[in-house]
Each structure stands twice: as C-alpha cells, then as structure tokens.
Amino acid sequence: MDAYQKPLYPPECHYGIDLAALAQPNVLFAVVRDEEATAVACGAIVLEDDLGELKRMYVDPSHRGRGIAGLLISFLEAEARAKGCPRFVLETGIYQSAAVSVYARAGYVKCGPFGRYPDDPFSVFMVKPA
C-alpha cells in the first residue's frame with residue numbers, strides 16, 4: 001500500500017497511520033484473505049470520540065472489482081457502530097479516483113477538511129451522512 005501511494009504525493013501530504021498504530025485500542029483493523037489465506041485487502045477505522053475515520057484501505061490490484069472494498073467498509077463500519085461510533089469520515093488522495101468511487105458507492109460524500117487535516121489540494125475529504 002505504501003509503495004503504491006507514497007510516489008503519488010509530496011511527503012507533507014501523506015496522512016496515513018503507521019503499522020504500529022493499528023495495534024492501538026481505538027483502532028479497528030481487518031484483513032481479507034483469499035482461499036489460500038493470502039492477505040488481499042485491509043482496512044482500519046480509527047475511533048475518536050463520536051467519529052470513526054476510515055484509514056489504511058487497500059485491495060490488491062489482482063482482487064479489485066469484486067466488491068471486496070465495499071464489504072470491508074461495511075464490516076468496519078458495523079464493528080465501529082457496535083462500539084458506539086455514529087459517524088464516519090475519510091481522507092484520500094486526488095489521484096485515487098477508483099477509491100473515491102468506491103467510497104461514494106458506500107455512501108460517502110465529499111466534504112471539507114476535518115480534525116487536524118489542513119486544506120490540502122492533494123486530498124479528497126469525505127463524510128458518510130447519518
């Protein structure tokens with residue numbers, strides 16, 4: 001995932017969380033595996049107060065177009081709702097139009113920056129209306 005994304009944007013425009021953060025108690029992390037138990041997708045939601053931020057979403061290119069991303073988003077949101085999280089947001093990059101389309105199909109709409117994010121011209125900010 002990092003190997004794919006890092007060359008697309010200037011270093012100051014990288015807002016992902018590092019792998020160590022995935023073990024924090026406020027992070028829900030899921031991995032999708034194929035029939036051979038190979039990891040083919042992952043995603044996380046960082047829970048902060050009444051907000052869940054979708055992070056670390058990635059589907060291996062050889063498995064895209066099968067609906068895995070949508071199922072993973074639904075799973076993570078359901079787990080977050082079970083922990084009392086009512087609202088979801090995300091930040092992705094402007095060069096990831098396929099990701100923006102996946103998020104839109106999952107009910108997310110574009111919005112302005114949220115939280116600690118600057119108004120970055122390389123970012124697309126999205127929220128899932130309640």
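Reply: Gladly. A residue is buried when under 20% of its relative accessible area is left, exposed when over 50%, and partly exposed in between (1.4 Å probe, protein chains only). Please keep in mind that this is a predicted model, in which local features need pLDDT of at least 70 and side-chain atom pairs count only at pLDDT 80 or more, while totals for chains, interfaces and linings use all residues. Residues are numbered from 1 along each chain as its sequence is written, and side-chain values use heavy atoms, with hydrogens and water left out.

Me: Why is Cys85 called buried?

Reply: Its relative accessibility is 5%, and the limit is under 20%, so Cys85 counts as buried. Cys111, at 29%, counts as partly exposed.

Me: What makes Glu48 and Arg116 a salt bridge?

Reply: The rule asks for a side-chain nitrogen of Lys or Arg within 4 Å of a carboxyl oxygen of Asp or Glu. Here the N to O distance is 3.8 Å, so the pair qualifies. Glu48 is partly exposed at 35%, while Arg116 is exposed at 75%.

Me: Which parts does the pair of Glu48 and Arg116 tie together?

Reply: Helices (H or I, at least four residues) and strands (E, at least two) are DSSP runs, numbered from the N terminus. Glu48 lies in strand 2 (residues 39–48) and Arg116 in the loop between strand 5 (109–111) and strand 6 (123–128), so the bridge joins parts 68 residues apart in sequence.

Me: How many salt bridges does the structure hold?

Reply: There are four. One of them pairs Lys55 with Glu53, whose closest N and O atoms are 3.5 Å apart; both residues are buried. Glu77 and Lys128 meet at 2.8 Å, N to O. Glu77 lies in helix 2 (residues 68–82) and Lys128 in strand 6, so this pair ties together parts 51 residues apart in sequence.

Me: How do you know that the span of helix 2 is close to what is expected?

Reply: The expected span is 1.5 Å times one less than the number of residues. For the 15 residues of helix 2 that gives 21 Å, and the model reaches 21 Å from first C-alpha to last. Gly84, which follows helix 2, has a positive phi near 95°.

Me: Why do the buried residues of helix 2 line one face?

Reply: Those residues are Ile68, Ala69, Leu72, Ile73, Leu76, Glu77 and Ala80. The arc is that of the directions from the helix axis to the C-beta atoms, and theirs fall within 160°, so they line one face of helix 2. An α-helix has 3.6 residues a turn, so residues three or four places apart point the same way. On the other side of helix 2, Leu71 and Ala82 are exposed.

Me: What puts the buried residues of helix 3 on the same side?

Reply: Ala99, Val100 and Tyr103 are buried in helix 3. They cover an arc of only 100° around the axis, which puts them on the same side of helix 3. The face turned away carries the exposed residues Ser97, Ala98 and Arg105. The buried residues of helix 3 pack (contact: heavy atoms within 4.5 Å) against strand 3, helix 2, strand 4, strand 5 and strand 6.

Me: Which residues touch the most other members of the largest nonpolar core?

Reply: A nonpolar core is a set of buried Ala, Val, Leu, Ile, Met, Phe, Trp, Tyr and Cys residues joined through side-chain atoms within 4.5 Å. Of the 25 residues in the largest one, Leu54, Met57, Leu76, Tyr103 and Tyr108 touch the most other members. Helix 2 gives the most to this core, with six residues. Apart from it lies another core of seven residues, including Tyr15, Leu51, Phe114 and Phe125.
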